[in-house]
Amino acid sequence: MTSPLVLPKTAKEAQEMLRAAGLPELTPALIAEIVSKEGEDFKKALATVAQGNVDRENPSLRYLLQIIGACVPATRAVLERLGLCGVALSALIEISKAEGRTFVQAIRAINGNEMSAEHTHVRQYLTRVVSPHATAAPGDHAPTAGAQSQSATHPNAPQPQARTEAPTRQSQPQNRQQAQGQGSVTPFPARERYERGNAGSGQPTTSRASQASGEAPDRKFTSVHLYAGKAALCFSPDETRKDTSPTVRVEAAKASGPRQYDWGTKVSFQMTVSELPLVFGVLYGLIPKVELTGHGVENEKSMSIEEQGGKFFFSMRVRGGTIYPVPVPAKDAYPIMTMLLEQMQKNAPGLPTAQIIQIAKRVCDMYRSGLNEQQPRVANG
């Protein structure tokens, strides 16, 4: 029987739980600021992981690693050496949750060696995802050689501007807490509200799969829905269960009436990372069709995508069960193509888009050659 969760009431208790879980330790001020944004979500995840017996796939651990990856001093130090200054902690947390492990890996890859020529594409990736939230973009405050050398000597040391984004009204309590030292029992402040509207022309929605499996809350995905007479498909960015690699999930629902679909009995299909370039290849015109098989606990699920003149034809099948056929006009395939490309870019943040497409082309060429070799040969004469 699982013992009830005991949530941390103070920053000191949270530090002790971080220690018990073997996670990087954060300062009391940072912990208080995280709690002011994430509230019970952070405390529950921390208490769950601190109990032990948590594997790498546990959603609470994945959520904590995303939060901590955004908050450790090394992250802000790297960004400031790239000229990305003044990013609020709340923005860093949202970036890390949205980008998954890609953001943290990029920070780790160039820490202390930001200006190396081999890290050009990693710098471009970080600039792309962080600059909209920075008060100074690269070039506004280009780091000097001396500043780079000094920062590289101690890449994990907290920087002077490490928490300039903290709300003014919290600065006095934080200073008081630091003066009291480790023995402070100051309770966490009330959670601040961060409301996010459905901006843009897409349909930002909370992933239904993450809600069902208890994954990190407040995680927003932009889904693409395709509707047809017999079935509907929903494409969403996702992460593989085994190693949290960026991928795409497809959910299929049977039509229950005119323009009505039974999402309560949906079938889920998660592409593997190696299948992303093949699906992208069909939509991009590199190969005419692809068959994805062997999915599901009993290898009972498969999906095919085929170009048919001015449209694409998607079909998901469950062995001995339902078929979900959805014809897709060419124009409606565009957001799926961009979603696939974005997930491939997250798996290889150091590569330019053109090179990723070139790799996808090579994978598709080999896939097509394999299909040709399987065709039966006709004897001469």
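Is Y284 buried, partly exposed or exposed? Y284 is partly exposed, because its relative accessible area is 41%. That value falls between the cut-offs of 20% and 50%.

## The model as a whole

This is a predicted model. The protein has 381 residues, and 44% of them are buried. Its secondary structure comes to 14 helices and nine strands.

Contacts also tell us about the fold.

Look at helix α5, residues 73-81, and helix α7, residues 101-110. Their axes come within 10 Å. They cross at roughly 70°. An angle from 65 to 115 degrees counts as roughly perpendicular, and α5 and α7 are therefore roughly perpendicular to each other. The crossing of α5 and α7 is left-handed.

Which residues of α5 and α7 meet? From α5 come A74, T75, V78 and L79. From α7 come F103, I107 and I110. Six residues of this contact are nonpolar and one is polar. None is charged.

## Aromatic pairs

A pair of aromatic rings is described by two things: the distance of the centres and the angle of the planes. The count of aromatic pairs here is three. Two of them are described below.

Start with Y227 and Y261. Their rings form a tilted pair. The centres are 5.3 Å apart, with 40° between the planes. This pair links distant parts of the chain. Y227 sits in strand β2, residues 220-227. Y261 sits in strand β5, residues 260-270. Y261 counts as buried because its relative accessibility is 17%, and the cut-off for buried is under 20%.

Now turn to F280 and Y284. Their aromatic pair is stacked. The centres lie 5.0 Å apart, and the angle between the planes is 20°. Planes under 30 degrees apart count as stacked, so this pair gets that label.

Where do F280 and Y284 lie? Both lie in helix α12, residues 276-284. They are four residues apart, about one turn of the helix. F280 has a relative accessible area of 2%, so F280 is buried. Y284, with 41%, is partly exposed.

Methods: Residues are numbered from 1 along each chain as its sequence is written. This is a predicted model: local features need pLDDT of at least 70, side-chain atom pairs count only at pLDDT 80 or more; totals for chains, interfaces and linings use all residues. Side-chain values use heavy atoms; hydrogens and water are left out. Axes are lines fitted to C-alpha atoms, for helices over the stretch in contact, and angles run from 0 to 180 degrees between N-to-C directions. Helices (H or I, at least four residues) and strands (E, at least two) are DSSP runs, numbered from the N terminus. Angles under 35 degrees count as roughly parallel, over 145 as roughly antiparallel, 65 to 115 as roughly perpendicular and the rest as oblique. A crossing is left-handed if the near helix is turned anticlockwise from the far one by less than a right angle, and right-handed if clockwise. Contact means heavy atoms within 4.5 Å. Ala, Val, Leu, Ile, Met, Phe, Trp, Tyr, Cys and Pro count as nonpolar, Asp, Glu, Lys and Arg as charged, and the others, Gly among them, as polar. Rings of Phe, Tyr and Trp (its six-membered ring) pair if their centres lie within 6.5 Å; planes under 30 degrees apart count as stacked, over 60 as edge-to-face and the rest as tilted. Buried means under 20% relative accessible area, exposed over 50%, partly exposed in between (1.4 Å probe, protein chains only).
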